[in-house]
Amino acid sequence: LLQNNDFLRNTVHRHEPPVTAQPIQILAENKEVVVVDKPSSLPVHPCGRFRHNTVIFILGKEHDLKELHTIHRLDRMTSGVLMFAKTTEVSKRIDEQVRERQLEKEYVCRVVGEFPEHEVVCEEPILVVSYKVGVCRVDPKGKCCKTIFQRLSYNGKTSVVKCLPRTGRTHQIRVHLQYLGHPIVNDPIYNMEAWGPGRGKGGKIDKTDEELLKALVEEHRSKQSLDILGISEEDLNSSAENKDCGNSGDCAKAAQADPGNENSCPAEDAKDAERNDVAACPLSSDSSLETLENNRELGSWENRDGQTGEKSSEEKDPLCVECKITRRDPSPKELVMYLHALRYKGAEFEYCSKMPEWAMEDWEE
């Protein structure tokens with residue numbers, strides 16, 4: 001029985017998925033904001049299985065930039081301009097601009113095939129299929145949205161396209177490009193065989209949502225790339241157990257409401273002005289850093305014989321499914337998706353990053 005003043009400590013065993021080693025470049029910093037060029041594969045803030053490998057944590061650890069406030073977010077696999085406020089007042093001021101749609105966002109991507117030369121406007125509504133896996137699709141029951149596309153170049157196989165999202169739905173650019181029949185070349189979700197022969201072109205998917213999710217998971221499992229979906233074998237095993245719990249509806253609700261789940265607060269191509277969920281996501285890196293540093297300083301563990309010793313460099317938990325699996329290291333190419341936030345403009349500011357290498361006119365795979 002716990003008594004007053006008893007101290008209870010829980011040590012969490014965690015496997016973080018691999019991310020790119022590309023450094024986070026600081027584009028601008030002043031008293032109010034920090035603007036960075038986010039590498040692909042890094043989530044913005046601690047979520048799901050990610051703690052150390054997040055933009056917020058790395059900025060705190062390597063640049064001593066703490067207590068940053070997220071103004072907008074990018075998908076984990078999307079690179080580019082990412083802005084943080086240093087104070088609550090600045091965050092609220094820019095958030096007001098977001099709500100009043102005074103911000104302009106410009107993306108660049110490389111898509112399959114020859115994209116039309118003329119301007120293309122897509123206004124298909126988007127519905128979230130799964131918060132846990134982070135999958136969306138075009139559906140009449142979805143939320144209205146609008147994206148403007150303009151081709152920049154074509155190299156005979158793939159096209160570089162400028163994207164101007166006028167709303168900020170989850171995966172909006174990626175889903176609209178898939179619908180148009182020109183998915184992003186290496187999109188690990190929307191350019192997969194699981195969607196069928198047409199890969200979702202025109203919204204034609206000959207599968208139920210459940211069949212689609214199962215096919216996507218199986219395709220990534222066969223390629224040993226489940227980490228790209230932000231899920232693990234343990235997640236899948238626990239999902240299978242939940243199906244047998246006799247109350248799958250409640251299980252699904254619990255999964256969607258879990259603030260620790262990476263996709264319960266899905267990172268977006270652009271921030272949805274109608275969603276006021278930034279406050280629900282971790283705004284400060286300070287507490288996360290302190291907790292992790294304290295855990296590291298504990299430095300000892302109890303082995304099976306009850307003896308206490310120094311932490312092993314290759315500590316394995318016999319009860320952990322992840323510990324039993326040997327996975328290959330992903331290549332740098334696998335950790336990059338050809339979607340980049342090029343420019344972020346407000347009433348009083350404009351920040352740009354360099355055009356990525358894969359967006360050059362003469363670039364070849």
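**Close-up 1. Aromatic pairs in the predicted model.** This is a predicted model, and a search of the whole structure finds six aromatic pairs. One of them joins Y338 and W363. Their ring centres sit 5.5 Å apart and their planes meet at 80°, so the pair is edge-to-face. Y338 belongs to the loop between β12 (308-310) and β13 (339-345). W363 belongs to the segment after β14 (350-352). The pair therefore ties together parts that are 25 residues apart in sequence.

**Close-up 2. A stacked pair, F349 and Y351.** The rings of F349 and Y351 are stacked. The distance is 5.7 Å centre to centre, with 25° between the planes. An angle under 30 degrees counts as stacked. F349 is buried, with a relative accessible area of 12%. Y351 is buried as well, at 16% relative accessibility.

**Close-up 3. The largest nonpolar core.** This core has 39 residues. Those with the most contacts inside it are V36, V55, L59, F84, C109, F149 and L177. Which elements supply at least two residues each? They are the strands β2 (33-38), β4, β5 (104-112), β6 (120-122), β10 (158-165) and β13, together with the helices α1 (55-63) and α3 (172-179). Domain 1 (14-100) and domain 2 (105-231 + 335-345) both give residues to the core, so it lies between them.

**Close-up 4. F149 and its contacts.** F149 is among the core residues with the most contacts inside the core. Leave aside its neighbours within four places in sequence. F149 then touches F115, H118, E119, V120, C122, V161, K162, C163, I173, H176, L177 and L180. One of these partners, L177, is also listed among the core residues with the most contacts. Another core lies apart from the largest one. That core has 20 residues, among them I189, A194, W195 and V217.

**Close-up 5. D75, an annotated position.** UniProt places the feature "active site" at D75, in an unreviewed entry. Where is D75? D75 is in the loop between β3 (69-70) and β4 (79-85). Its relative accessibility is 2%, so D75 counts as buried.

Notes: Residues are numbered from 1 along each chain as its sequence is written. This is a predicted model: local features need pLDDT of at least 70, side-chain atom pairs count only at pLDDT 80 or more; totals for chains, interfaces and linings use all residues. Side-chain values use heavy atoms; hydrogens and water are left out. UniProt positions are given in the numbering used here, feature names are shortened, and annotations may be inferred rather than shown by experiment. Helices (H or I, at least four residues) and strands (E, at least two) are DSSP runs, numbered from the N terminus. Buried means under 20% relative accessible area, exposed over 50%, partly exposed in between (1.4 Å probe, protein chains only). Rings of Phe, Tyr and Trp (its six-membered ring) pair if their centres lie within 6.5 Å; planes under 30 degrees apart count as stacked, over 60 as edge-to-face and the rest as tilted. A nonpolar core is a set of buried Ala, Val, Leu, Ile, Met, Phe, Trp, Tyr and Cys residues joined through side-chain atoms within 4.5 Å. Domain bounds come from an automatic or database domain assignment. Contact means heavy atoms within 4.5 Å.
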